[in-house]
Structures are given as C-alpha cells and as structure tokens.
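The sequence and model follow.

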Amino acid sequence: MTELYTISLSVRQLAEHVYRSGSIDVRSNALNALQEGTIAHQRVQGSYKAQDEKERYLKTTVEIEDELLFIIDGRCDGLLATEPATIDEIKSTNGNLELIEENTYPVHWAQAICYAYMFAKEQDAASMLVQLTYVQKESKLERRFVREMSYEELKAFFLDLIQSYMPFAKQQRSHNEKRNSSAAALTFPFDSYRAGQRKLAGAVYRTIEEGVRLLARAPTGTGKTISTLFPAIKAISNGLLERIFYLTARTTTRVAAESALLQLKAGGLYLHAVTLTAKEKICFQDEVRCEKEHCPFANGYYDRINGAVLDILTNETIMTRPIIEQYAYKHQVCPFEYSLDIAYAADAVICDYNYIFDPRISLKRQYAEMKKKTALLIDEAHNLVDRAREMYSAELTKAPFLALQRELKGVHAEGYAAAKAVNQFFIALRKESENSITISSQLPSELVELAEAFVHAAEAALSSGIGSNRNEAEQGGSQLLDAYFAAQQFVRTAKLFDERYVAYSELGRNEVTLKLFCMDPSAMLRQMGKGYRSHIYFSATLSPLSYYMDMLGAEEKDYTLSLPSPFSKEQLEVEIVPLSTRYHDREASYEPIARLLKRTLAARLGNFLAFFPSYAYMNAVHEAYMELTNSEHSDEVIMLQTASMSEEEREHFLASFQAGNTRPLIGFAVMGGIFSEGIDLIGDRLSGVAVIGVGLPQLGTERNLLRDYFNRQGKNGYDYSYVIPGMNKVQQAGGRLIRSETDRGMLLLIDDRYLLPSYQQLLPEEWRR
C-alpha cells in the first residue's frame with residue numbers, strides 16, 4: 001500500500017489559498033485594512049457569556065483518493081453556546097463598516113464554515129450557526145452577519161475547498177519529493193572551498209540547526225552567497241527548513257543570489273525560487289494605478305491567479321523577473337501581485353529587506369508554522385541598520401496639509417477640517433519655536449491625535465470617490481492618498497515611541513517638519529524577525545561585530561564569526577597618504593589630491609576609481625584634476641558620477657572600465673553610492689582605488705541625536721554615530737579592488753587619520769601596514 005502524503009494546513013491557509021483574500025486595489029487595501037486586531041478581538045470575546053468559549057482549538061483529518069491525507073486545524077475566535085451552536089469569526093478594520101456587505105469577503109465565510117464543520121463533525125451536530133463579526137477599531141462599532149447551515153452543507157463546502165486545493169497539493173507533493181532528493185544529492189558547485197568558505201558554510205548550517213542568529217564578517221572573495229545558500233539548502237534536505245529568504249539591499253546582490261541558484265540548478269538542484277521586484281519597476285502600465293478600472297491586469301486578478309500560480313510552479317524553478325513577466329502576460333495578471341502569490345509557495349525568495357522587516361510592507365500571509373521552518377539570509381547586513389531606522393521612523397510636513405485644506409474646501413467638509421487642523425498645528429509650532437530645530441523625548445500627542453483624525457477623514461473622502469479618476473486626482477485626490485499614508489505611518493510609529501525614539505521639529509524657510517526618529521532599531525528588528533528559525537547576517541564589512549550585535553538585535557546565545565581575507569597580501573599594495581581632508585582643510589587639499597591621483601595614474605596606468613565623502617568634495621577635486629589635465633595635455637579618460645544618473649548612464653560608467661583600454665582611465669565617485677557597493681570589476685578592469693577621507697557622515701541633527709543617545713547608553717556615541725558608519729563606507733569602497741584570486745592592485749588611503757590607532761583598528765587586517 002502506498003504511504004499517504006500528509007499535508008498539514010491551518011484553516012486560514014486553506015481558505016486564503018482558495019479565495020486569495022485581499023484586494024489588489026491599493027485604495028481598497030488602505031480603506032478596509034482588515035486584520036487580526038488583538039484588542040478588538042478581546043473586546044468582542046469579553047462580551048461572551050460564561051458558557052461560551054474563545055480560541056477553541058479544532059482539528060480534523062480527511063483522506064483523498066487514497067494518496068493524500070489532509071490535517072486541518074486552527075483556533076476559532078468564538079464558540080457560542082446557542083441552539084444550534086455558533087462559530088464566531090471576528091475581523092477588525094480601520095475602515096468604514098458600511099462598506100462591508102454580507103458577501104464582501106468570501107474568504108472570511110470560508111474560515112468560519114470550516115470551523116463550523118469541524119465542530120459539527122466532532123460533536124455530531126445536525127446544524128450550526130456561522131457568524132461573521134466585523135469591528136471598527138476606533139469607534140468600536142460592530143456589524144454581524146449570520147447563516148444557519150446543516151451538517152451536510154458544511155461538509156460539502158469543506159470538501160469542495162479541499163478539492164479546490166488538490167491540484168496545488170499534488171503539485172507540491174511532486175515538487176517536494178524532487179526538491180528533497182535533489183538537495184540531498186547536491187554537492188558543492190566548485191572543485192574546492194576557498195579559504196574560510198567551508199568554515200562559513202559550516203557555521204551557517206550549525207546556526208540553522210540550533211535556531212539562533214549568526215553575524216559573520218566574511219571579506220570580499222570568500223564567496224558569501226554560495227556559502228550561505230548551499231548549507232541552507234542542505235538544511236531543507238534534512239528537514240530543518242522548508243523555506244529560505246535571501247534578503248538584500250541592492251539589485252546587484254539579488255543578481256548574485258539568482259546566479260548562485262542557477263549554478264546549483266545546473267548541478268542537479270530542483271527548487272522553486274522567486275525574485276520579488278518593486279511594483280514601480282515591474283508594473284506593465286505606464287502609470288502605476290492599481291484600480292481595476294485602470295489596469296486590465298488588476299481587473300479579475302483573483303479569477304485567474306490560481307491557474308497562473310499552478311502553471312508557473314509546474315513548469316519553472318528559478319523564477320526571475322523576466323520569467324515572472326512572461327507568465328504574467330500569458331495569464332493577464334499583475335506581475336507584482338503574482339510574484340507575491342508565488343512567493344508564498346516558493347522554497348526560496350530573493351527580495352529586499354522590507355518584505356520581512358518593514359511592518360508596512362512585510363508579507364502578511366506568513367504563518368507561525370511557516371516561520372519556524374524558515375531561515376533569513378541577510379546579505380550586506382551592514383546596510384540594514386540605517387534602513388531599519390527609516391522603516392521605524394515617520395514624519396509629517398506642513399505643506400501637503402495646507403494644499404489639501406485649500407483643495408478640499410467646499411468639496412469634503414470633514415477632510416477639509418482635518419487637514420486644516422494639522423496645518424494649524426504646524427503654524428502654532430512655528431510661532432512657539434524659538435530655534436530652527438526643537439528636540440523632545442516626549443511623544444507629540446496632540447499631532448498624533450490630529451493625524452489620527454485626518455486618517456479617518458481621508459478614508460471617508462477616498463471612499464466617496466475623491467481621487468478616483470485623473471481629474472479628481474489633479475484636484476487633490478492623489479495628494480490626499482499620499483498624505484493619508486504618511487499620517488497612517490505617523491500614527492503607527494507613535495505606538496512604538498519609547499526611550500529609543502526622539503521627536504524633533506525643523507523649521508525651514510518655507511516648511512515645517514516633525515519627525516519621530518528611531519535611534520535604536522534593534523528591538524523592532526527583533527520583533528519583526530520573531531518566529532523565524534534562524535537569522536544569518538553577513539557582510540564583508542560587518543565590523544566591529546560588537547556594534548552590529550547591538551544594532552541588529554543579537555542576543556548572548558547568538559554566534560559571531562570573523563574570517564580572514566582569502567587573498568594573499570601580495571595581491572594588494574596599500575599606501576596611506578597623511579593629508580588632512582577635514583572640513584576646514586578641504587579647500588587646501590583639492591590640488592594636492594588631484595596631483596597625487598594624476599601622478600599615480602601616470603605611473604601605474606590602468607583603470608582607477610577615486611571615492612570621495614561627498615559630491616561637493618568630489619566635484620571640487622575633479623575640477624582641479626581637469627585643470628591639470630588641460631595644462632599638461634594628458635590623454636586619460638575621465639568619468640564622473642552625478643547625483644541623478646539614469647540606468648543607462650550608470651551602465652556606461654561601468655562599461656568604460658575595460659581590461660583592454662588603450663588609454664588610462666579614472667572614475668570619480670562617492671562613498672556609499674551606487675559604485676561603491678555591489679559591483680565587480682575583476683582583473684585588469686580595475687587597477688587601483690583611492691579613498692579620500694574617512695567617510696564620516698555629514699554633521700547633522702540626526703547624527704548628533706544618535707551620538708548623544710549612545711553616549712547615554714554607555715557606548716562611544718561619536719564612534720557609533722560617525723566613525724563606524726564612515727569606516728564601513730571606506731571598507732566598501734576599497735573592497736571594489738581585489739575581487740578574485742588573480743586580481744592585483746593599489747589602494748590609496750588619503751587622510752592622516754588612517755595613522756591613528758582608533759582608525760587603524762577599524763581597517764581590515766590586510767589593509768594595515
């Protein structure tokens with residue numbers, strides 16, 4: 001007898017797969033905002049009678065076609081002791097209850113009916129009452145819909161759901177068998193491990209095995225991508241994992257992950273992997289407008305998506321952007337939403353940090369059981385610190401509310417009044433403030449309340465159709481939606497406000513801004529990453545490790561690993577030029593640096609990159625360099641990064657660095673920019689790098705707030721806010737030079753601070769001379 005293949009699903013997973021809950025309309029998402037609101041749930045459950053039950057666990061099994069065994073379970077919100085018994089499914093919303101009709105959300109009925117069937121089966125009940133309770137979170141108003149269903153009706157509905165899931169279940173069974181056997185047989189895709197590579201791969205596997213975090217500093221050339229993906233895939237074959245998220249900050253590192261998976265596929269791996277691309281980039285329309293009236297790929301999306309998902313999963317494995325676009329066109333579905341739906345079924349997901357760590361964007365249908373079998377591989381993890389500060393901060397500015405006050409006058413009274421109230425707050429703030437910058441450790445409760453009122457008013461205005469077409473958008477609709485999202489984020493962030501936050505206002509000549517600034521994102525990173533089996537943070541510049549353990553939310557039980565460079569010291573020639581690049585010395589440094597770069601290029605020829613701490617400094621030295629070039633009639637090629645380069649201009653800049661160039665070439669670029677991370681100019685494409693300055697961030701309000709905060713925490717605030725982030729940029733820029741075992745090159749470090757012990761210790765060991 002063939003062994004049954006077991007599929008374990010929660011009621012919610014089953015219902016949401018079949019009905020693909022949600023709305024592709026971004027405005028509907030904003031207005032309905034249906035969610036599992038714990039407080040609202042508890043309030044409804046608190047009104048239950050003594051004999052009623054809440055969070056009742058229910059479970060059933062069903063065998064299909066002598067080959068599949070389904071185990072379905074979950075906790076219903078309420079089991080009411082009525083006659084017949086009632087299953088109560090509670091949903092909370094920020095939106096207008098009047099917009100919700102009985103059949104607005106079939107997925108909610110599906111969940112409730114499943115629970116009703118499971119209880120009726122357990123108790124041998126002839127019929128059940130099925131109830132949906134919708135709760136408005138702020139007003140606390142409730143709206144209920146009730147159906148009575150016989151046991152036969154409940155059973156038929158439940159089995160129909162299972163039958164609808166069957167094609168996907170069979171596909172997953174076949175896929176998982178191939179995946180696990182191919183992963184078990186998979187061998188490392190190179191003849192041998194590089195220095196440190198085996199150690200990193202082993203540490204990743206042990207970290208997954210033990211269910212903790214790993215912070216790994218793995219220098220350029222270690223082969224970090226394959227050294228993290230390979231052991232994670234082995235963990236899948238051994239039953240430790242079901243899914244991998246490969247998180248990145250840049251498109252270039254996403255390409256590296258795709259290439260590594262394609263390499264493993266060539267070695268026999270059978271695995272579903274999907275790359276998520278930002279909506280603005282992958283949208284088929286000239287303008288991103290997700291309403292069904294304006295986009296044929298949104299209209300009827302949920303009628304076509306199940307077939308589209310099954311098609312691509314049956315016929316593809318490594319699903320990059322071009323492949324997703326191909327199938328999206330074929331099935332006429334939104335490519336962005338399509339990629340998200342595929343992601344819930346994939347074994348590996350390559351995406352931006354936001355999809356896990358940003359509460360506004362994170363994938364919503366990840367269940368606790370899925371997380372327990374998921375590892376997060378976080379590439380270039382040094383970038384996550386500042387990115388997280390952005391995710392967990394929020395600001396409001398005066399101008400949009402003044403504009404909306406004018407636009408909504410006579411159009412929408414409630415929206416007009418709410419926008420006017422926010423604008424008046426900013427006017428009063430300007431009058432009361434004696435300084436251009438005001439800092440407070442207290443939450444600005446008045447503005448939070450006004451923003452909350454504006455959110456409700458904006459929802460009502462948007463629901464009435466303001467901004468639903470181009471003409472109305474020109475009259476304030478589009479601006480209304482932007483302001484709505486900004487206010488919503490402000491209110492959401494206010495709930496996180498604690499000692500790790502500060503509120504500060506800035507008074508400009510024509511603008512007033514108030515920001516809730518997250519200085520220490522570690523607690524929120526821990527919260528958003530909670531439930532995942534393991535986190536692997538890795539980067540060539542994850543040093544000092546103690547700093548990143550603080551900032552990324554590591555705990556005492558977590559591991560750290562620091563690997564030496566896999567390359568020999570003979571490959572890299574390092575020269576420190578003790579010239580001051582401090583702000584007050586900069587003007588005097590322009591010509592000396594230009595002469596040094598010109599002299600170095602003339603002596604060594606080849607292709608060079610010179611990295612500067614700012615565009616202003618770079619442009620000044622570039623101007624001095626051009627004057628020397630013109631006076632000396634030299635013939636090198638000179639490239640200059642600009643602040644707003646198009647994709648084509650970026651590609652042209654990099655394409656200029658060719659191994660066979662007949663003339664020497666120098667590129668001027670900025671540290672922390674698009675050319676200082678994630679690019680590979682291997683071999684003679686790059687002969688030398690000059691790093692001018694120590695990369696310190698520009699003096700400013702937020703950096704000084706960070707300095708003062710970490711000083712209060714007993715840390716070295718100046719190092720935490722300025723020196724370490726600056727030196728990280730230095731390491732990234734210098735790391736462009738030696739990318740393979742055959743590379744040779746010269747690294748110029750131009751600043752007298754590189755000779756100080758405090759800066760020396762932050763340099764990679766192979767750079768210290």
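## Sheet

Strand β9 (residues 273-275) pairs with β10 in the parallel sense over two bridges; two strands count as paired if DSSP finds at least two bridges between them. Val274 has Met319 of β10 as its bridge partner. Helices (H or I, at least four residues) and strands (E, at least two) are DSSP runs numbered from the N terminus.

The open sheet has eight strands in the order β10-β9-β11-β8-β12-β17-β7-β18, with parallel pairing. Its edge strands, β10 (318-319) and β18 (559-562), each pair on one side only.

## Model basis

The model is predicted: local features need pLDDT of at least 70 and side-chain atom pairs count only at pLDDT 80 or more, while totals for chains, interfaces and linings use all residues. Residues are numbered from 1 along each chain as its sequence is written, and side-chain values use heavy atoms, with hydrogens and water left out.

## Helix α4

Helix α4 (residues 106-123) has 18 residues and reaches 26 Å from its first C-alpha to its last, close to the 26 Å expected at 1.5 Å a residue; the expected span is 1.5 Å times one less than the number of residues. In α4, 14 of the 18 residues are buried (under 20% relative accessible area, 1.4 Å probe, protein chains only). Asp124, which follows α4, has a positive phi near 55°.

Terms used
Buried < 20%, exposed > 50% of the residue type's maximum accessible area, 1.4 Å probe, protein only.
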